Amino acid sequence: MIRGAGLLLLLAAAGCAEVRQRPPAPPMDLAAGAADPARQAIQGAAQAFADRGRGLSGQPAAGALAAAQLEFATDALARDPRFAPVPEAVRRQMELARTELRDALGVQEAAPPRPVIDGLLAAARALRANNQSAAARALPAPVFRPGGERSVARLGELGPLPQASNATALLAQQIAQLDAESGWNGTRQAETSGVNITTFGLGGQGGVGY
């Protein structure tokens, strides 16, 4: 029993260490040419999902890239220590946005971020090259449901994504505020940072102040 308990503690410690690690280096086309791919992914996602993501309608390649950027940004917030000053409230909004987007795309809820990111970027490359069959192969089941051609079709039919729009804009605003105030001091801000949160979909209606 003692040895078993010790093993569980070791596994838990290893899991915590993995969460604290920075995410793997992003693929080149996530934020091509950017000096800071994570920041570029945040800005790109905020622009793509502005106005509830209406600009992505009928644009599957753009939808795939924007979804990959949101996935990467959310993972970076959780794992990259540089983003420790970002308030917990903003992190939670990004997690809700990822849930909203995964539901719209049919991405498996428990899928690790990197296979999702890689699949979406591969699909975006294939779609820009007008290679529908390669795009379908890039989105296999069960990570993408139903997978293949039907998942490619969903990239152009994401529908309104208010939570993604709200969360990515809020995160971009928070990054700009931290830059302006030299707030990158390595300590996470309290939730009483004055950020005004509005949660859409996923059971939230109206604003909740933090």
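pLDDT is the predictor's confidence in each residue, from 0 to 100. For this protein the mean pLDDT is 82, and 74% of the residues reach 70 or more. The model is predicted: local features need pLDDT of at least 70 and side-chain atom pairs count only at pLDDT 80 or more, while totals for chains, interfaces and linings use all residues. Residues are numbered from 1 along each chain as its sequence is written, and side-chain values use heavy atoms, with hydrogens and water left out.

**Elements and confidence**

The protein has eight helices and two strands, in the order α-α-α-α-α-α-α-α-β-β from the N terminus on. Helices (H or I, at least four residues) and strands (E, at least two) are DSSP runs, numbered from the N terminus. Contact means heavy atoms within 4.5 Å.

Buried residues make up 45% of the 210 residues in the protein; buried means under 20% relative accessible area, exposed over 50% and partly exposed in between (1.4 Å probe, protein chains only). Among contacts between residues at least 6 apart in sequence, 71% join residues at least 24 apart.

**Helix packing around H4**

Helix H4 (residues 88-105) packs with helix H8 (residues 162-180), and H3 packs with H4. Axes are lines fitted to C-alpha atoms, for helices over the stretch in contact, and angles run from 0 to 180 degrees between N-to-C directions.

| Helix pair | Angle | Axis distance |
|---|---|---|
| H4 and H8 | about 150° | 8 Å |
| H3 and H4 | about 145° | 10 Å |

The crossing of H4 and H8 is left-handed, that is, the near helix is turned anticlockwise from the far one by less than a right angle (clockwise would be right-handed). H4 contributes Val90, Gln93, Met94, Leu96, Ala97 and Glu100 to the contact, and the residues from H8 include Pro162, Ala164, Leu170 and Gln174. By class, this contact of H4 with H8 has nine nonpolar, five polar and one charged residues. Ala, Val, Leu, Ile, Met, Phe, Trp, Tyr, Cys and Pro count as nonpolar, Asp, Glu, Lys and Arg as charged, and the others, Gly among them, as polar.

The crossing of H3 and H4 is left-handed. Among the residues in contact are Leu70, Glu71 and Asp75 of H3 and Arg91, Arg98 and Arg102 of H4. The contact of H3 with H4 divides into nine nonpolar, one polar and six charged residues.

**Loops**

A search of the whole structure finds one aromatic pair. Rings of Phe, Tyr and Trp (its six-membered ring) pair if their centres lie within 6.5 Å; planes under 30 degrees apart count as stacked, over 60 as edge-to-face and the rest as tilted. The rings of Phe83 and Trp184 have centres 6.2 Å apart and planes at 75°, so the pair is edge-to-face. Because Phe83 lies in the loop between H3 and H4 and Trp184 in the loop between H8 and strand S1 (196-198), the pair ties together parts that are 101 residues apart in sequence. Phe83 is buried, with a relative accessible area of 2%, whereas Trp184 is partly exposed, at 29%.

Ser57 lies in the loop between helix H2 (37-48) and helix H3 (60-79). Ser57 is exposed, with a relative accessible area of 54%. Ser57 and Leu158 are 101 residues apart in sequence and 6.9 Å apart in space, C-alpha to C-alpha.
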